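Visitor: Please show me the model, and then take me through some contacts.

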Amino acid sequence: MERAPRFAADLAHLPTSAHGPRATTWWGTLGFILIEATGFALAAAAYFYLMGQTETWPPGQSPPDWLWGTLQLVLMLASLWPNWWTDRVAHADDLRKVRIGLVAMSAVGLLTLVVRAFEFGALNCRWDDNAYGSMVWVLLGLHATHLITDVGDTLVLTVLMFTKHVEPRRFTDVTDNCVYWNFVVAAWVPLWALLYVVPRVV
Amino acid sequence: MSPRDASPFIRRDGPALEEVETYARLERTWATPPGLWGWLSSVDHKQVGRRYIVTAFVFFLLAGLLALAMRMQLAGPEQTLLTPDRYNQIFTMHGTTMMFLFAVPVMEAFAIYLVPLMVGTRAIAFPRLNAFSYWVYLAGGVMLWVAFILNVGPDVGWFSYVPLAGPQFSPGKRTDFWAQMITFTEVAALAVAVEIIVTVFKQRAPGMSLNRIPLFVWGQLVTSFMVVFAMPAVMVSSSMLIMDRLIGTHFFNPAEGGDALLWQHLFWFFGHPEVYIIFLPATGFVSSILPTFARRPIFGYTALVLALVATGFLGFGLWVHHMFVTGLPHLGNSFYTAASMAIAVPSGIQIFCWLATLWDGRPRFATPLLFVIGFIVIFVLGGLSGIMLASVPIDSQVHDTYFVVAHFHYVLIGGAVFPLFGAVYYWFPKFTGRMLSERAGAWNFGLFFVGFNLAFFPMHILGLIGMPRRVYSYPAGLGWDDLNLLATAGATILAAGVLVFLGNVWHSLKYGLVADDNPWGAATLEWATTSPPPSFNFVHIPVVTGSNPLWEEPDGLPVVGGLRVDQRELLLTSVVDAEPEVREPSPEPSIWPLLSATAVTILFIGSIFTPWAVVWGSIPLAVGLIGWFWPKSAPDTPEPVID
Amino acid sequence: MTARLAAPSPSPAGRGRDPCAALGEAKLRLPPAQALLARKAWEGEGKVFPRNLALTLPLCGPLPLPPGAGEGAAPWRRAALALCPLALSACQGIQSALDPAGHQSGRIAGLWWLFLAVLAAIYALVLVLLLIAAFRSRRRRSLPPGPAFRPEEPTERRLTRGLTAWAVGTAAIVLTLTGFSYAVDRDILALGHRAELTIEVTAKQWWWQVKYDDPVPNRSFETANEIRLPVGVPVRVVLKSQDVIHSFWVPNLHGKTDLIPGRVNETVIVADREGRYRGQCAEFCGFQHANMALDVVAMPREQFDAWRESQLAPASAPSDDRSREGQRVFLTSACVMCHTVRGTTAASRVGPDLTHVAARPSLAAGTLPYSKGNLAGWIADPQRIKPGSQMPVVDLSADQLQSVLAYLDGLK
C-alpha cells in the first residue's frame with residue numbers, strides 16, 4: 001500500500017456468471033462426480049472379486065428379475081432427452097422453458113424412485129443372505145442414494161425457479177444439475193449390466 | 001453485463017478508488033462478523049485453516065502421549081504398566097489419530113490456508129463447504145476420542161483387518177466408532193480435495209500459467225487428485241465393514257461367500273496412496289523453503305512437477321506390497337516389487353533437485369532450513385529401507401516387525417513431520433504476524449533430530465532380530481531389552497523437542513519479533529500481502545510474470561482492477577494460461593455449514609446404534625443443506641459511499 | 001517328577017554357546033490368589049515355595065543344543081554383524097532373521113546384506129553430497145547477503161546432466177535389485193517341490209494346532225505350539241485359520257506366511273542345522289497376539305523318528321494314586337470340555353491336545369517354559385498369566401489341582 005499499485009488491466013467488463021468449465025461450480029460438480037464414479041468402480045470391482053471367489057454366481061439364488069431394472073434403464077435413457085433440452089434452454093437463460101424442463105425432470109426423477117423401489121422388491125435376494133446379496137443391495141442402494149440426491153436437488157431448483165430468486169447464477173445451477181443427471185444415468189448403464197446381465201451370463 | 005452491474009454506485013477497485021478506501025471497503029465486505037455467532041459462521045479460509053492446524057496439532061499431541069505410553073510399556077520386558085486391552089486400544093488410537101486426524105488434516109489445513117494466498121485469490125473455492133469440512137472433521141475426531149476415554153476406543157489396529165474387526169471377533173461398538181470416524185474424516189478430506197482442485201484450476205492470478213504454479217501448490221493439487229481416487233476406497237470398505245457389523249451383510253465373511261482379503265485390497269488401495277497424500281504436500285513445504293533459504297530459484301522445476309505427477313500415478317500401483325505374505329501368486333507379487341521400486345526414481349529425482357538447489361545456493365541456515373536438512377537425512381534412509389521392503393523375500397522376513405515400524409516412521413516423521421515443523425517456522429510470521437524464536441528453533445530441531453534417530457533407528461534391528469509389531473509385551477532374553485530401552489529414551493528426547501516447540505509458539509505469539517510482509521525474502525505470492533493477511537487476502541489481484549514473482553518484480557507486482565469491493569467477488573481465470581474469464585461472487589458467512597455438519601454428525605453417530613438413523617437422520621440433513629444453498633433473500637444493493 | 005523340576009537349568013558346558021543360555025531368566029510374578037494355589041501345589045511336592053512369590057525360571061527348556069550351533073555362523077556374516085554393534089549386544093539367537101538356520105532364511109539374509117551394502121553406499125553418497133552442499137555454501141556465505149540470484153546457465157546445464165545421470169543410475173540400481181530379489185524368490189519357491197513331510201498348522205486365538213499328516217490315517221497325530229522336524233528335510237506346512245488372520249513366522253528358518261480364515265496357504269521350511277528356534281505370530285490377532293509363540297526343534301532324523309513314534313502313542317496311563325485321582329478329576333471337570341487326551345474319554349478339540357503335554361518345551365503358546373510349577377500357575381489362573389485367553393479358570397480345590405498337576409505332568 002506504500003507504493004501506488006501498477007494497474008495492468010481493468011476487468012470490470014468480465015461477466016459475473018458463466019456456464020460450463022468457466023464456472024467453479026461446474027468443476028466442483030465434476031470433482032464430486034469423479035469421487036462417486038471411483039466409489040462405483042470400486043464397488044463393482046468388489047463385486048467381480050467376490051464373484052471370482054465363488055463357484056456359482058449367484059450362489060443359490062436366481063438373478064434379479066428383468067422387468068423393473070430394465071424399465072429403469074429405458075426410463076433413464078429416455079430422460080436424457082428432456083435433460084438435454086433443459087440444459088440447452090438454461091444456457092439460453094429462458095426462464096419459461098427452464099421451468100417446464102425442471103418440472104418434467106422432477107416428474108421423471110420421482111418416477112425413477114418409484115421404479116427403484118420395485119427393483120429392490122425384485123432382487124430375489126436379501127442383503128443378509130450371503131456376500132452376493134450384500135453386494136447387490138449395496139450397488140443398488142449406492143445408486144439409489146445418487147438418485148435421491150439428484151431428485152432432491154432438482155425439486156429444490158424447480159421451486160427456486162418459481163420464486164424471486166431467479167438470477168443468472170440459477171441458470172448455471174440448472175446446467176450443473178443437468179450434468180449430474182447425465183452422470184447418474186451413465187452410472188446406471190454398467191450397473192444395470194452388472195446386476196441383471198452378468199449373473200445370467202457367467 | 002447485467003444492468004445492475006452498470007450502476008454508477010457500484011464500487012470496484014482500480015485507479016479511481018483511493019487505496020485506503022479500497023482497503024476499508026474490502027474489509028467491510030470480507031470481514032467475518034464479530035462474536036461467537038460470527039466465529040461459528042466464518043467461511044474465511046484463513047480462519048478455517050488455522051482451526052484445522054490447531055486441531056490437528058492437538059491430535060498430534062494426544063497421539064504422541066499415547067506413543068509415550070507405549071514406549072513406557074515396552075521400555076523393558078514383561079512390563080505390566082498397561083493391560084493388553086489398554087495397549088491394543090492405545091496403539092490403535094495412536095495410528096488412527098496420527099493418520100486420519102493429524103497427518104492428512106494438517107496437510108489439508110496448510111493447503112486451505114496457503115493455496116488461495118499462493119495463487120493470488122481472495123478466497124478458497126466453496127468456502128462454506130470448507131467450513132463444513134472442518135466441523136465434520138472436528139466431530140469425527142472428538143467422537144473417536146470420547147469413545148476412547150469411555151473405554152470404547154477401537155482396539156483392532158488402524159487397519160482394522162477383518163475378521164478380527166468383524167462382528168464375530170469384535171463385538172461391542174469399538175470398531176463401529178472407528179469405521180464412522182473414517183466416514184467423518186474422509187467426507188472432510190474429499191470436500192477439501194475438491195476445493196483445492198477448483199481453487200488451483202480456476203482462481204489463479206492472471207499470468208500464473210501451469211508452468212508458473214508454485215511447487216507447493218502442485219504438490220497439493222496432485223495430492224487432492226490422489227484423495228479423490230483413494231479415499232472412496234476406504235469409505236467403501238469401512239461402510240462394508242460397518243454393514244457387516246450392524247445389519248448382517250457378509251462382505252468379509254468367508255462362510256457366506258465373503259472374503260477377508262477383499263478388505264485388505266480395498267484398504268491398501270487407499271492406504272498406500274495415503275502415504276503419498278501425506279508426503280507430497282511435505283515435498284511442497286521443502287520446495288517452498290529451500291529456494292527461499294538457498295536464495296536461488298529451485299533447480300529442476302519441471303522435473304519436480306513430473307516427479308510429483310509420476311508419484312501420484314505410481315502410488316496407486318503398489319498396494320499389494322502390503323500383502324506379500326498373504327499367499328497371493330508370486331508372479332503378481334514380483335510385478336508389485338518392480339512397481340514399488342520404480343517409485344524410487346521420482347523420489348530420487350526430487351532428492352537430487354533439492355540437493356542441487358542447496359549446492360548452488362547461498363544458504364542461510366535458519367530453522368526452516370535445518371528441518372529440511374533433517375528431512376533429507378532421515379527421509380532418504382526411510383526411502384532406502386522402503387526399497388528393502390519392496391523385495392518379496394526380504395519383506396517376508398521383516399513384514400509386520402519393528403523394522404517396518406522403523407521404516408514408516410522414518411518416512412512419515414522424516415518425510416512429513418520434519419518438513420511440517422519447518423513449514424510452521426517458515427509460515428508462522430505469515431499466519432500470526434510474529435516470528436518464532438530462532439534459538440528455541442535450533443533447540444527444537446536438535447532435540448527432535450537426536451530423539452527421533454535414537455527412538456527409531458534401533459527398531460530396524462529389533463525387527464530383524466525377531467520382534468513383531470503390535471505386541472503389548474515381550475519376553476526377556478531375546479536380545480530386545482536394551483534396544484527397546486534406547487528407543488524409549490529417544491522417545492522422551494523427541495517429546496522434549498515437542499515441548500520446546502510448544503513453548504516457542506506460546507512465547508512467540510506474545511513476545512515474538514513483529515514480522516513484516518516478507519521476512520524471509522521469499523518469492524511466492526503469499527508474501528506479497530501483509531502478515532497476517534487481511535480478510536480479503538489482496539487489495540488488488542496481482543499479476544504473475546514468472547515462476548518467482550516477488551523476485552522477478554522487486555518493485556512490486558502489477559495488479560488488475562475491476563473487482564467489486566462492496567460484494568465478495570473472485571476473479572476466475574482459464575485453466576491452462578490463467579487468462580481472466582469471470583468475476584464470480586463468493587459466499588457470505590453462514591451458520592448453515594455448522595448446522596449441516598451437526599446433522600451429519602447425528603446421522604453418522606446415530607447409525608452406529610441403529611441403521612434407521614440413516615433414514616430419520618437424513619431429514620435434518622436435507623433441511624441443513626437446503627438452508628445452506630437457499631439464496632439470501634436480501635437483494636444485492638450497491639454499497640453507499642463511505643464518508 | 002523331581003527330576004523334571006530340577007531339569008531346566010542348562011548344562012554349564014553348554015552355557016557358553018547355547019543361545020538359550022543368553023536368554024537369562026524370566027521372572028513370573030504371580031498374583032496373590034493364584035500364588036496361593038500355586039504354593040499349595042508346589043508345597044504338595046515337598047518343595048519350599050520361593051518367599052517373594054516369584055518363580056525364577058529359565059526360559060529355555062532342557063533340550064540339548066548341538067555343538068557349534070552359535071559358532072556355525074560364516075565369517076562374512078559375523079563381519080557383517082559387526083556393522084551393527086547394537087545388534088551384537090543382542091542375542092543372536094532363536095528368533096532372528098539375521099541368524100539363518102535354513103536354506104530360505106539363508107538366501108533371504110544374503111539378499112538382505114546385499115541390499116544393505118548397495119543402499120548404504122547410496123545413503124553415504126547422499127550424505128556426502130549434502131555435507132558438501134552445506135560446506136560449499138559456508139564458503140559462499142561470505143558473499144554479500146543480497147537478494148536471491150538468478151542461476152547461471154552453465155551451472156544449470158551441469159546440474160541437469162547430473163540429474164539425468166542420477167535418474168538413470170537410480171533406475172539401473174533398482175532394476176538390478178529387483179532382479180536379485182526375483183532370483184532369490186524363485187530359488188526359495190523351488191524348494192517346495194522337494195518337500196517330504198507335511199504338517200498342517202491351524203492358528204487359533206492364541207495358540208497353534210499342529211497336525212502331522214501321514215498317508216496312513218492312524219499314523220497322523222496332533223500336538224500344539226511345537227513343531228519338530230528332521231534336519232535337512234524340507235517340510236511342507238499347510239496353513240489354516242479358524243478365527244482371525246494370523247501369520248506363521250519362524251525367522252531363523254523362513255519368512256512369514258499368513259493364515260487366513262476361508263483360505264489355505266502353504267509354506268515350506270527346512271532346517272539345515274539342529275537347534276531350537278522360536279516362532280511367533282506376526283499378524284495382529286487380538287488380545288494375546290503378543291503371547292502366541294511356538295517352538296521349532298530341528299533334530300537328527302533318528303531322533304525325529306523316535307519322537308514321532310512317541311507322539312503317536314496314546315497318553316501314558318497314570319502310574320500312581322495321585323495321578324489316577326488327577327485323571328479322574330480331569331475327566332470329570334471342565335477340562336474335558338476343551339481338551340483331548342488320546343486314550344481317554346477326553347476328546348474335545350477346542351483347546352490344545354494334551355496327550356503329551358509334559359514333553360513340550362513351553363506352555364500356553366510360548367508364554368511360559370514348561371515346568372510343573374508353571375503348569376500349576378497356568379491352571380490356577382490363566383487369565384492373570386494370559387489375560388483374555390480362551391482358557392477359563394476351572395474351579396479346583398488345592399488338592400484337586402495337585403492331583404491334576406501330577407496327572408498332566410506324567411503325560412510325557
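Guide: Contact here means heavy atoms within 4.5 Å. This is a predicted model, in which local features need pLDDT of at least 70 and side-chain atom pairs count only at pLDDT 80 or more, while totals for chains, interfaces and linings use all residues. Residues are numbered from 1 along each chain as its sequence is written, chains are lettered from A and ligands numbered from 1 in the order in which they are written, and side-chain values use heavy atoms, with hydrogens and water left out.

Visitor: Which residues does C:Ile227 touch, not counting residues up to four places away in sequence?

Guide: Residues up to four places away in sequence are not counted. What C:Ile227 then touches is C:Ile199, C:Val201, C:Val210, C:Tyr212, C:Phe248, C:Leu294, C:Asp295, C:Val296 and C:Val297.

Visitor: How many residues of chain B are in contact with chain C?

Guide: Chain C brings 94 residues to this contact. On the chain B side the number is 92.

Visitor: What is the area buried between chain C and chain B?

Guide: Buried area is the accessible area (1.4 Å probe) that two parts lose on being put together, summed over both. Carbon and sulfur atoms give 69% of the area between these chains. The total is about 7,800 Å².

Visitor: Which residue forms a salt bridge with C:Arg263?

Guide: A salt bridge needs a side-chain nitrogen of Lys or Arg within 4 Å of a carboxyl oxygen of Asp or Glu. Chain C and chain B have three salt bridges between them. For C:Arg263, the closest N and O atoms are 3.1 Å apart, and the partner is B:Asp259.
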